[in-house]
Amino acid sequence: MKHMPLFEVFIRSKRGLDHTHVGSLHAEDHQQALEYARDVYTRRSEGVSIWVVKSADIVASQEGDRDSFYDPMDDKPYRHATHYVLPEEVNNM
Amino acid sequence: MNKDAIAEYATRLGDDALVLGHRLSEWCSNGPFLEEDIATINTALDFIGRARMFLSYAAELEGAGRSEDDLAYTRDCREFKNLLIHELPRGDFAFTTVRQFLVDASNVLFFEALCESSDPQLAAIAAKSVKECRYHLRRSHDWLLRLGDGTEESRRRCQDALDDLWGYTDELFAMDALEQALLDAGVAVDRVALKERWLPLVSAAIDEATLQLPALPALPGGGREGIHTEHLGHLLAELQFVQRAYPGLQW
């Protein structure tokens, strides 16, 4: 058990929606991870498609990177559509 | 075809599912690790769900006012008609795996054939069951390869289980007068014909798992006549305890 790799599980709940992260599990390999994902996370018909990926293969941003990653966006309101005043003629933007 | 014969047939299939489902349920909280525990219990629930469908149909055909619960919880050993392979104790995980593989392979073929039954209710239950059986077989086949072609210990345990179980597989493919009559009427499955397809399928997997196909004789059957191993009584004592101690209890 200690030697079994951890996998992250993503499930698409219905056609047209994105795969969403639902949790993780241990398995020997990808095939077994897929089967356990079916048994552990779709017991109540939650999904139409499952992705599994080794947790070790995910590269995650670090909390320490927060300032350099996200703060520079705070002073660029023009990147949001709401920054612009639209002419009266343009409805439903 | 007379209703009594179909009721008996449904009872046999229901008992097969109920007894093996109970054996699998014994792994609940005892599985080798959490994911496998959940997966095994899912499989147990598939079997118990199938037992409900068959037994409620048997009770309906019987028309004596009994329910699926009455059949499951108040019949004695001799009235249970499951094949012996299903009632053997769960053993170690290798034993459970090998039994599931042998039975799942047979069930896939059996329920594919039962989908063609002239009895619409049996055909409908088979159509639902065959999808479950294919998944069960995928799981048990994977585990057979993993354990058979695994460590020295897992291989030895698998081979022991295979040798212990092999003699009980003949009963999976035996026909008696009742099933033959139902087969002639288009209701039942020809079990004898299944064996020709089951054996190559099972042999190939056993070979791939680096195990030896046992050259062992068939063991006595008797499940369909209610003649069981010593193990069924103990299983029923646990399965039926609550309804025996508090008849009619509901919650």
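Reader: How many residues of chain A are in contact with chain B?
Author: Ten residues of chain A are in contact with seven residues of chain B, contact meaning C-beta atoms, placed from the backbone, within 7 Å. This is a predicted model, where local features need pLDDT of at least 70, side-chain atom pairs count only at pLDDT 80 or more, and totals for chains, interfaces and linings use all residues. Residues are numbered from 1 along each chain as its sequence is written, and chains are lettered from A and ligands numbered from 1 in the order in which they are written.

Reader: Which element gives the largest share of the side of chain A that touches chain B?
Author: α1(A), with five residues. Helices are DSSP runs of H or I, at least four residues, and strands are runs of E, at least two, numbered from the N terminus.

Reader: At what angle do α1(A) and α2 of chain B pack?
Author: About 65 degrees, with their axes 9 Å apart; axes are lines fitted to C-alpha atoms over the stretch in contact, and angles run from 0 to 180 degrees between N-to-C directions. The two helices are therefore roughly perpendicular to each other, a label for 65 to 115 degrees.

Reader: Which residues make that contact?
Author: A:E35, A:Y36, A:D39 and A:V40 from α1(A), and B:E35, B:I38, B:A39 and B:N42 from α2(B).

Reader: Different topic. What does B:C158 touch?
Author: Leaving out residues up to four places away in sequence, B:C158 touches B:A94, B:V98, B:L147, B:G148, B:A209 and B:L211.

Technical notes. Contact = placed C-beta atoms within 7 Å. Parallel < 35°, antiparallel > 145°, perpendicular 65-115°, else oblique.
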